[in-house]
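Please view the sequence and the model together while reading.

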Amino acid sequence: MRRTLSAFMLSSVLLAACSPALNWREVRFDGGLKALLPCKPDHGSRQMPLAGKMVEMQMVGCEAAGAMFAVAHVELDDASEVDAAQTAWQAAMLANMQAAGSQLETYKPKGAATAPKPVRLTAQGRRADGKAVVAQGAWFSQGKHLYHAVIYADKVGADVAEPYFSGFEFQ
């Protein structure tokens, strides 16, 4: 009996050690976007100023493996507003995190519009409590829908960033 109990406890510990920190799941958004998030997301919305007007921002986010993952979406009045809104949103994120610098690169989710140019950004800055943070973010659009995906963490590795950013696709 004691041997069986010990074997059961050992197998339970081994199974717990093998459980993944990231449990990827599909999430769908207005505008036809499909995304992969590594944890069960919370949902919320709020009004925010963007490019000189107030817009309703829908957001999903969760925390896993020491990182915060979030995807935000706004629907603008017209597709001609997307370029200015994307530029303003990038500037706001960098200002909020007091970024010391950033690096932009081309980014192309499947089915995203090519104008304005989808971009991926890496920046180092500060959290609200003053502690250092790294952010990897992306902005992309489809019609009058603008999306922002971001990971905030002490360090963002490719093992987390690549599945996240490659999981965005328009249906």
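## Backbone geometry and sheet pairing

Gln98 is found in the loop between helix 2 (82–96) and strand 6. In this predicted model, the phi of Gln98 is near 50°, a positive value in a residue other than glycine, and Gln98 is exposed, with a relative accessible area of 55%. A positive phi, about 55°, is also found at Ala51, again not a glycine, and this residue sits in the loop between strand 3 (42–50) and strand 4 (53–64).

| Residue | Phi | Relative accessibility |
|---|---|---|
| Gln98 | near 50° | 55% |

A further backbone feature is the cis peptide bond between Ala115 and Pro116, with omega about -5°; Pro116 belongs to the loop that lies between strand 6 (101–106) and strand 7 (119–126).

Turning to strand pairing, an open sheet is formed by three strands in the order 1-2-10, with antiparallel pairing. Strand 1 (25–28) and strand 10 (169–170) each have a single partner strand and stand at the edges, so one side of each is left without a neighbour in the sheet. Strand 1 and strand 2 (residues 33–37) run antiparallel and are joined by four bridges, and Glu26 stands opposite Leu36 in strand 2.

As for confidence, the protein chain averages a pLDDT of 88, and 88% of the residues score at least 70. Over residues 1–19, however, pLDDT stays under 50, and the model has zero contacts beyond four places in sequence for these residues. Where pLDDT is low, the predicted coordinates should not be read in detail.

How values were computed: Residues numbered from 1 in each chain as written. Predicted model: local features only at pLDDT ≥ 70, side-chain atom pairs only at ≥ 80, totals over all residues. Heavy atoms only, no water. pLDDT = per-residue confidence, 0-100. Contact = heavy atoms within 4.5 Å. Pairing = 2+ DSSP bridges. Helix = DSSP H or I, 4+ residues; strand = E, 2+ residues; numbered from the N terminus. Buried < 20%, exposed > 50% of the residue type's maximum accessible area, 1.4 Å probe, protein only.
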